[in-house]
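Please read it alongside the sequence and the model shown below.

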Amino acid sequence: TLAAVALVFAAPVLAQGAMPHKTAMHAGKLVKITIRNLTGSQPFSPSYFESRSGAAAPLFKLGSKAPDALVGIAEGGDTSKFSIAAAMNKDASIGDAALAIHTLPGKTRMVYLHVDKAHPLIDGVWMLGRTNDGFSGISGINAYALTAPMKIAPRGYDAGSEKNDEKKGYLGALGAGNARDPEDGVITYHTGIRGDADAPKSWNWDVDKPVAEVTITPLRADF
């Protein structure tokens, strides 16, 4: 759970889209990713985005168990496991990766990413900051094929890794600790904030509607 929502700046995983030495991107393009927070109650944690190959595992998949790196995002807004994996890029399956700082309710954030023929797909994830293990994101968007802006409207997801007890000591946004109450579940759509424990009902959102609008805009072929 996210303990604070102050604007903390995070450096890009790879400075201004620089590639790790094991990756050879070519004949690619630059795209702009704009995230707009549509909720009135849920600040987004720093967002992690990557361009990847078609053979690489997606950052998340509905109905599957959340990988450890996603658990870090969903429970605490921690991007470190994703960013370390991108920096190491052992199998060259990641073309580029970047972080965007917090996106507060009603606000927008932008980040830039490179894609190429070998790494055409974009995934991205961020935490719903006032939840136990809620997150949102996009997966498998073929940005290399885009010739015009594309809008995606993702809903809120539950990582299935921590019980939604909404209690002080477990929901960090309440300011009384960030302990875990593990749940051995899978990724599902989030059912929202009940408001029957310590978290106020005002933190809820319309769970049948998107929590964000993500726009991916191709800018230019640049290398």
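Two strands pair if DSSP finds at least two bridges between them. Helices (H or I, at least four residues) and strands (E, at least two) are DSSP runs, numbered from the N terminus. In these terms, an open sheet of 6 strands has the order E3-E2-E5-E6-E8-E9, with antiparallel pairing. The model is a predicted one, in which local features need pLDDT of at least 70 and side-chain atom pairs count only at pLDDT 80 or more, whereas totals for chains, interfaces and linings use all residues. Residues are numbered from 1 along each chain as its sequence is written, and side-chain values use heavy atoms, with hydrogens and water left out.

**Overall architecture**

- The chain holds 2 helices and 10 strands, and their sequence order is β-β-α-α-β-β-β-β-β-β-β-β.
- Of its 223 residues, 52% count as buried, where buried means under 20% relative accessible area, exposed over 50%, and partly exposed in between (1.4 Å probe, protein chains only).
- Contact means heavy atoms within 4.5 Å; among contacts between residues at least 6 apart in sequence, 77% join residues at least 24 apart.

- Strand E2 (residues 47–52) pairs with E3 in the antiparallel sense over 6 bridges, and Ser-47 has Ala-100 in E3 as its bridge partner.
- E5 and E6 run antiparallel and are joined by 6 bridges; a hairpin of 6 residues connects E5 to E6.

**Nonpolar cores**

- A nonpolar core is a set of buried Ala, Val, Leu, Ile, Met, Phe, Trp, Tyr and Cys residues joined through side-chain atoms within 4.5 Å.
- The largest such core has 28 residues, of which Ile-33, Phe-49, Ile-122, Ile-138 and Ile-216 touch the most other members.
- At least two residues of this core come from each of strand E1 (29–37), strand E3 (94–100), strand E4 (108–115), E5, E6 and strand E10 (212–221).
- Apart from it lies another core, of 20 residues, among them Tyr-48, Ala-74, Ala-86 and Val-125.
- Beyond its neighbours within four places in sequence, Ile-33 is in contact with Phe-49, Arg-109, Met-110, Val-111, Leu-113, Ile-122, Val-214, Thr-215 and Ile-216.

**The helices**

- Helix H1 (residues 68–76) has Ala-69, Leu-70, Val-71, Ile-73, Ala-74 and Glu-75 as its buried residues.
- The cover over these buried residues includes helix H2 (80–88), strand E5 (121–127) and strand E6 (134–142).
- Gly-77 follows H1 and has a positive phi, near 65 degrees.
- Lys-81 is found in helix H2 and is partly exposed, with a relative accessible area of 48%.
- Lys-81 and Ala-69 are 12 residues apart in sequence, with their C-alpha atoms 5.1 Å apart in space.
- Not counting residues up to four places away in sequence, Lys-81 touches Asp-68 and Ala-69.

**Thr-215**

- Thr-215 is placed in strand E10 and counts as buried because its relative accessibility is 10%.
- The side chains of Thr-215 and Lys-151 are joined by a polar contact of 3.2 Å. A polar contact is a pair of N or O atoms within 3.5 Å; within protein, one must be able to donate a hydrogen and the other to accept it, and residues adjacent in sequence count only if both atoms are side-chain atoms.
- Residues up to four places away in sequence aside, Thr-215 touches Lys-32, Ile-33, Thr-34, Pro-149, Met-150 and Lys-151.

**Asp-165**

- Asp-165 lies in the loop between strand E8 (157–158) and strand E9 (188–189).
- Asp-165 is buried yet has no salt bridge, and the nearest side chain of opposite charge, Lys-167, is 5.6 Å away.
- A salt bridge is a side-chain nitrogen of Lys or Arg within 4 Å of a carboxyl oxygen of Asp or Glu; Lys and Arg count as positive and Asp and Glu as negative, while His and the chain ends are not counted.
- A polar contact of 3.1 Å links the side chain of Asp-165 with the side chain of Asn-132.
- Leaving aside neighbours within four places in sequence, Asp-165 is in contact with Asn-132, Tyr-170, Asp-181, Arg-194 and Ala-197.
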